[in-house]
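My entries follow the structure.

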Amino acid sequence: MLTVNIVNYLIYYTVNKTLEEIQNFEGAYPKQLLGLFFSEMWERFCFYGMRGMLTIFMASQLMMPDKQANLQYGATQAWVYAFTFIGGLFADKILGFKKSLFWGGLMMIVGSILLSIDPKTFFFWGISFIIVGTGFFKPNISSMVGKLYKEGDSRRDAGFSLFYAGINIGATLGGILMIGVAKGAILGSLVPEQLRWNAAFSLVAIVMIISLLTFVLTHKNLGPIGLSPFENAEKKITKWYEYFVYFGSLASIPLIMVMVANTHYTDIFMYLIGPFSLLYLFYQMRNFTKTENHKLIAALCFIIFSVIFWAIFEQAGGSLSLFADKYLNNKVLGLTVLPTQVNNSANSIFVIIFAAPLGLLWVWLSKRKLEPNTVVKFGLGFIFLGLANLVYFSLRYFVGSDGLSSLNVFAFAYFIVTMGELCLSPIGLSIMTKLAPAKVQGLMMGMWFLASAYGQYVAGLFGASISPDENATVMEKINTYTSGYQQFAWYALIAGVVLIAISPLIRKLMHDVK
């Protein structure tokens, strides 16, 4: 009861603007966007900072073999994205975006505090709190950004572009600072070696507190955006629904901990949830017209191909993280840095630099009627991803006498990866909402999030499959990893070619959807 009262006070103590007043803003951006920008920026600092050091911590501190560390990474990330779907549902139906975000932030802070106290002893407890907390936080802040605009407002894209920049600034800072603290490259003279991982996880707690305080201090300007759908219902009923969500999410922590710690259980979950979702969708399709079913089939094509893309792309947090930590030198463009810092931040830096120019290129091509359609862009994303993995493969040819390969070549591969990501970035959730009939929009959004979960899960399996034998020589280990990246390159290139080849068919299934 105390928790509910605190959340109610923090969220409801000021609602002084109507939705119409908020959406009738002047200028390029609504002022409410700034608070959401910084809340998301700091939360993404935590998420991507954790992502960038999770596998390395498991391998170097928990002494897991590379194969096991990759499997654990895949299971952890899969549950993060699966809970994003669950957290979004509870926000829509019971808590509202504001309470959901606040509750998720609290759980993430608790999890990171546990990790900062003793990361080895409380590792799976802390990770489980963060998984559930991220599920409540991640989907809802983006939803509130969308609510700042009326339907058809041409300024919406500019707002989301600024918000996207905040995500990548946070990811860059988190990716550089957190692993830097853990490895002693940052604050090494101030933090004793045996406490560096504790300090890195403490940084998560501190920054999440900043994120949550930012939201608490600025949410009043959001007015009715993000309030519970039960705002006008009987208070007693509302509280019982909230109790159910709060206590249920806490009660799920031990179960999540068991699932993540024993990846066999994650396997079972992933084997069941995907086929069940597909069967349920096929059952629902009997209620729709031929045109609507065509659009749903097109949506499924995007979902299936996205699993392949993210399974390869997300090697960044798994096998590539371990490869950078062990087998790359520390020189990039003449600067001395940790290879893991480059692995964690290069993608975000390139997004910040090249997102706007690439967007202008699409506009320039569109004016000349040369812009590729949505399906072809998706296919181009795979082509770039495949080319990047061929560059990763080439790292075996740049190994020096010290047994380390080129960080410059590695960074160049990330540039190519980013071009692929930027080809896909306009699609995602947007195309799901356009293709899905209203009655199953929630289901299709859920399946899109589940596709991300499957991508993370398969990323762990892929990473484990190319993990070298622990007793192999350094060169044998490098060759094993890079041979795996060559395989991933062919998977991506074949998927890209197939997608581009069948793009006329998918475009036909999409009918009037652009």
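Predicted model: local features only at pLDDT ≥ 70, side-chain atom pairs only at ≥ 80, totals over all residues.

Residues are numbered from 1 along each chain as its sequence is written, and side-chain values use heavy atoms, with hydrogens and water left out.

Entry: cavities. I took a cavity as a set of points, on a 1 Å grid over the protein atoms alone, where a 1.4 Å probe fits but cannot get out; lining residues have an atom within 4 Å of a point. I found 3 cavities of 30 Å³ or more. The largest cavity holds about 150 Å³. I listed 14 lining residues for the largest cavity, with F47, M50, Q77, V80 and I130 the closest to its centre. Helix 3 gives the most to this lining, 5 residues.

Entry: pocket. A pocket is an open set with protein on both sides within 12 Å along at least five of seven lines. The second largest pocket has about 320 Å³ of space. V332, L333, V342, I349 and A411 are the closest to its centre among its 14 lining residues. Helix 12 gives the most to the lining of this pocket, 6 residues.

Entry: cysteines. I searched the whole structure for disulfides (cysteine sulfur atoms within 2.5 Å) and found 0. C423 is in no disulfide, and the nearest cysteine sulfur, that of C301, is 19 Å away.

How values were computed. Points joined across faces, edges and corners; volume = space filled by probe spheres on them. Helix = DSSP H or I, 4+ residues; strand = E, 2+ residues; numbered from the N terminus.
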